[in-house]
Amino acid sequence: MDPQVINQLIILFLLMVLGFIATKIGFIDKIGSDRISSLISRVTMPAMYLSTFMGQQFSKESLAQSGILLVISVVFYAFSLAFSFLFVYLTRTKKKDAGVYQFLLVFSNAAYMGFPVLKAVLGEEAIFYGAFFNIPFNILAYSLGIWLLHRGQGKGSVRPKDMFLNPGTLAVVTGVLFFVVSPLWNNTAVYRVFSSGPIYQTLDMVGDMTVPLSMLVIGCVLATVKPGAVFKNWRIMLTCLARLIVIPGAVFLCLLPFRLDPIVRGIPVLIAGMPAAVFSVILSKEYGGDEKTASVGVFLSTLASSLTIPLISSWL
């Protein structure tokens, strides 16, 4: 495995360990963990989305490839959602528990783990195109994802406001609009302030806090989980297997007959094979999902990905 990918995995686990220890010694309690989660979902994560699109350089030459990836991404998430419903049906998962398993199956750790892997396997250019492939993720995680986590919890129906007018969704929509209209004003001083000046740099710095804080929260939640629950939950084991092997394998086989650029084919396969999204824990805490199951899913899938990522990379 590429040293850069190994480095990312080690960092993820060390951050989880830090959160675990901080909770065990009483430095962070449940109230503190909940407040950190709210900070992530309402401030740092939206800032990360905004800075991602503000930092992208518009190019007419890249539009065709980007458009193809965007279409593939929409089809991919439709397939993943359908597969998640089939999974919870076949495994007879209770309705109150189904949402978190579905979230783990539909959404991968596309940004923090995915981008370093894309760079290591496909080169620097794949980062730009990977941002386009992630557009549906950024929108759906804060809308469809919230609905999945909330359904079956016996707390009333999730409000449209929570799904579509939350900081994350608004940040994605704003970022996409900024990128689309950027050719109209990319030579102005105002554009430079937003795309590379102090506003962008502030958003970028705040956004960079998202993953470290998220992994700390996962460690905090894992500290409250009984040790046996981590490896005795057969559904979570099957979820990790599907997340890391079945879904990327299906994507690879579906794209194989098409004459696509290696980067265009490789990005969906690699993103599909990343471990479960850390956002599953943050949004579970914020919107009433099963945060403990989400934390175990993120932990186990991240651990197992050290074996599966080299396998998936060898397919390309």
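Predicted model: local features only at pLDDT ≥ 70, side-chain atom pairs only at ≥ 80, totals over all residues.
View 1. Start with Phe-20, which sits in helix α1, residues 3-24. Is Phe-20 buried, partly exposed or exposed? Phe-20 has a relative accessible area of 35%, so it counts as partly exposed.

**View 2. Phe-137 is a buried residue in a helix.** Look for helix α7, residues 135-141, to find Phe-137. Buried means under 20% relative accessible area, and Phe-137 has 4%, so it is buried. Now find Tyr-77 as well: Phe-137 and Tyr-77 are 60 residues apart in sequence, yet their C-alpha atoms are 8.0 Å apart in space.

**View 3. The second largest pocket has a volume of about 210 Å³.** Which elements give two or more residues to its lining? They are α3 (63-90) and α15 (234-255). Helix α3 gives the most, with 5 residues.

**View 4. The lining of the second largest pocket is made of nonpolar residues.** Trace the lining through Val-71, Ile-72, Val-75, Phe-76 and Phe-79, and then on through Val-251, Cys-254, Leu-255 and Phe-258. How many of the lining residues are nonpolar, polar or charged? By class, there are 9 nonpolar residues, no polar ones and no charged ones.

Notes. Residues numbered from 1 in each chain as written. Heavy atoms only, no water. 1 Å grid on protein atoms, 1.4 Å probe; cavity = no way out; pocket = protein on both sides within 12 Å on 5 of 7 lines; lining within 4 Å. Points joined across faces, edges and corners; volume = space filled by probe spheres on them. Helix = DSSP H or I, 4+ residues; strand = E, 2+ residues; numbered from the N terminus. Nonpolar A, V, L, I, M, F, W, Y, C, P; charged D, E, K, R; others polar. Buried < 20%, exposed > 50% of the residue type's maximum accessible area, 1.4 Å probe, protein only.
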